[in-house]
Amino acid sequence: MRPDTRTGGGPSQRMLRVGELVRHALAQVLQRGDHIDPILAGHIITVPEVRMSPDLKIATCYVMPLGGKDVRPVIKALAANRKALRMEIARLVELKSVPDLRFLEDTSFDEGARMDALLRSPAVARDLDHDATDDIESNDDETDKE
């Protein structure tokens, strides 16, 4: 979960709950595939996260087409069709007011791959081996004292 820097801390329970409702509704609408836009109809789009503004008026939807291809055209197509998507979400989710939708590329998969590569790097492996030998030596020292 990306921290919300505007509120000084993490998102509130209400923001998380509404974000999940919007995420599920948006995923359902995109899964049905009855879009006028041929770009959206030609892609399977995942919605890993929806982050709400503190006043619940803006929903930032992090999206990624399956396979990570054609990200820019898909985001442009989603932005162009956001009014229709918003109306579909309003039909599926009971909210006082339906938030305005904003679409961004989800980079969490890239960040995860970057962290995985970093953890597998030789420098980290060397540090982990060094820590493991320190642990073994400290355990040996404790058994010697007893």
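This is a predicted model: local features need pLDDT of at least 70, side-chain atom pairs count only at pLDDT 80 or more; totals for chains, interfaces and linings use all residues.
## Basis of the model

Local features require pLDDT of at least 70 and side-chain atom pairs pLDDT 80 or more, whereas totals for chains, interfaces and linings use all residues. Residues are numbered from 1 along each chain as its sequence is written, and side-chain values use heavy atoms, without hydrogens and water.

## The sheet

Three strands form an open sheet in the order β1-β2-β3, with mixed pairing. Its edge strands, each pairing on one side only, are β1 (45–52) and β3 (100–105). Neighbouring strands are turned by 30° against each other on average, direction ignored. Helices (H or I, at least four residues) and strands (E, at least two) are DSSP runs numbered from the N terminus, and two strands pair if DSSP finds at least two bridges between them.

Strand β2 (residues 58–65) pairs with β3 in the parallel sense over six bridges. Cys61 stands opposite Phe103 in β3.

## The helix across the sheet

Helix α3 (residues 71–80) lies across β1, β2 and β3 and runs at about 180° to β3. Axes are lines fitted to C-alpha atoms, for helices over the stretch in contact (heavy atoms within 4.5 Å); angles run from 0 to 180 degrees between N-to-C directions.

## Lining of the largest pocket

The residues lining the largest pocket divide into six nonpolar, two polar and four charged. Here Ala, Val, Leu, Ile, Met, Phe, Trp, Tyr, Cys and Pro count as nonpolar, Asp, Glu, Lys and Arg as charged, and the others, Gly among them, as polar.

Helix α4 (82–92) and α1 (13–32) each supply at least two lining residues, and α4 gives the largest share, four residues.
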